[in-house]
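Welcome! Take a moment to look over the fold below, and then we will walk through a helix and its neighbours together.

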Amino acid sequence: VFSPNGLLKIVFDKSNGRIMGVHICGDDACELIHYGMELVKAERTVDDVLSNLYSAVTFHELYRTAAMAAVDQKGARKRRAAVGRA
């Protein structure tokens, strides 16, 4: 479903979790940018993204993955390393 090459990164204020921006690159970035714009415009937080329900497997589910990496950086590094070994 997804191209394996790409990046979605949430830029947020650590003091309150407010999403300040989103970095997206890859083949399907155009499918993801609109939701990122809504998150910034509506002043959503990383916790808001984590509490939302996302259908699997969709492009927008990647936002939840990025938010999980924001709150659990050590776990995110382990998951990325495991994917690199696969």
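Which residue with a positive phi follows helix 1? It is glutamate 43, with phi near 55°. Before going further, please note that this is a predicted model, in which local features need pLDDT of at least 70, side-chain atom pairs count only at pLDDT 80 or more, and totals for chains, interfaces and linings use all residues. Residues are numbered from 1 along each chain as its sequence is written, and side-chain values use heavy atoms, with hydrogens and water left out.

Helices (H or I, at least four residues) and strands (E, at least two) are DSSP runs, numbered from the N terminus. The buried residues of helix 1 are Tyr35, Gly36 and Leu39; buried means under 20% relative accessible area, exposed over 50%, and partly exposed in between (1.4 Å probe, protein chains only). Viewed down the helix axis, these buried residues fall within an arc of 100°, so they line one face of helix 1; the arc is that of the directions from the axis to the C-beta atoms. They pack against strand 2, helix 2 and helix 3. His34, Met37 and Lys41 are exposed on the other side of helix 1.

Valine 40 also belongs to helix 1, which spans residues 33-41. Leaving aside residues up to four places away in sequence, valine 40 touches Ile19, Met20 and Gly21, where contact means heavy atoms within 4.5 Å. Its C-alpha atom is separated by 8.2 Å from that of arginine 18, 22 residues apart along the chain.

| Residue | Relative accessibility | Class |
|---|---|---|
| Valine 40 | 28% | partly exposed |
| Tyrosine 35 | 17% | buried |
| Tyrosine 63 | 0% | buried |

**An aromatic pair**

A search of the whole structure finds one aromatic pair. Tyrosine 35 and tyrosine 63 form this edge-to-face pair, with 4.9 Å centre to centre and 80° between the planes. Rings of Phe, Tyr and Trp (its six-membered ring) pair if their centres lie within 6.5 Å; planes under 30 degrees apart count as stacked, over 60 as edge-to-face and the rest as tilted. Because tyrosine 35 lies in helix 1 and tyrosine 63 in helix 3, the pair ties together parts that are 28 residues apart in sequence.

**The nonpolar core**

The largest nonpolar core has 17 residues, and among those touching the most other members are Ile24 and Tyr63. Helix 3 supplies the largest share of this core, four residues. Such a core is a set of buried Ala, Val, Leu, Ile, Met, Phe, Trp, Tyr and Cys residues joined through side-chain atoms within 4.5 Å.
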